[in-house]
Amino acid sequence: MASSDSEMDLIFPDNKRHRNRLVPIGAFLTAGVLTAGLISFKRGNSQLGQQLMRARVLVQGGTVALMVGSAYYYGDNFKRAG
């Protein structure tokens, strides 16, 4: 694992890598809502399944917005600092 970390440092220097801690939480929420929706469809509760699929779209959209916002924010900060 140490060699892959050094490879990542060569490709992406540490000062250019930033992580928004909310993005993985959003990804897990998306996966959880998707799983619950698929289970409800399998059990025959299509109305609940549809509601969960709509909720998944909202959660997934929020996660994408966090990713884009983080990229814009950190990219803008590096342009000012550099």
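Helices here are DSSP runs of H or I with at least four residues, strands are runs of E with at least two, and both are numbered from the N terminus. This is a predicted model, in which local features need pLDDT of at least 70, side-chain atom pairs count only at pLDDT 80 or more, and totals for chains, interfaces and linings use all residues. Residues are numbered from 1 along each chain as its sequence is written, and side-chain values use heavy atoms, with hydrogens and water left out.

**Whole chain**

Start with a cartoon view. The chain has 3 helices and 0 strands. From the N terminus, the order is α-α-α. Now colour by accessibility. Buried means under 20% relative accessible area, exposed means over 50%, and partly exposed lies in between (1.4 Å probe, protein chains only). Of the 82 residues, 13% count as buried.

**Helix α2**

Select residues 22–42, which make up α2. This helix has 21 residues and reaches 30 Å from its first C-alpha to its last. That is close to the 30 Å expected at 1.5 Å a residue; the expected span is 1.5 Å times one less than the number of residues.

Which residues of α2 are buried? Select Val 23, Gly 26, Thr 30, Val 33, Gly 37 and Ser 40. They cover an arc of only 115° around the axis, so they sit on the same side of α2. The arc is taken from the directions from the helix axis to the C-beta atoms.

Turn to the face of α2 that points away from its buried side. Phe 28 and Lys 42 are the exposed residues carried there.

**Stops along α2**

Select Pro 24, which is in α2. Pro 24 counts as partly exposed because its relative accessibility is 42%.

Thr 30 has a relative accessible area of 13%, so it is buried. Thr 30 and Met 53 are 23 residues apart in sequence, and 9.7 Å apart from C-alpha to C-alpha.

Next comes Ile 39, another residue in α2. Is Ile 39 buried or partly exposed? Its relative accessibility is 39%, so Ile 39 counts as partly exposed.

**A surface patch**

Select Leu 22, Ile 25 and Leu 29, and show the surface. Together they form a nonpolar patch with about 280 Å² of accessible area. Like charges are joined within 9 Å, and nonpolar side chains (Val, Leu, Ile, Met, Phe, Trp, Tyr) within 5 Å. Areas come from the Shrake-Rupley method with a 1.4 Å probe; for residues, only the protein chains shown count as cover. Leu 29 counts as partly exposed, at 47% relative accessibility.

Select Gly 44, which follows α2. Its phi is positive, near 95°.

Now select residues 46–81, helix α3, and pick out Gln 60. Gln 60 counts as partly exposed, at 36% relative accessibility. The side chains of Gln 60 and Arg 56 make a polar contact at 2.6 Å. Such a contact is a pair of N or O atoms within 3.5 Å; within protein, one must be able to donate a hydrogen and the other to accept it, and residues adjacent in sequence count only if both atoms are side-chain atoms.

Terms used:
Patches are made of residues with over 30% relative accessible area and no salt bridge: like charges are joined within 9 Å, nonpolar side chains (Val, Leu, Ile, Met, Phe, Trp, Tyr) within 5 Å. A salt bridge is a side-chain nitrogen of Lys or Arg within 4 Å of a carboxyl oxygen of Asp or Glu.
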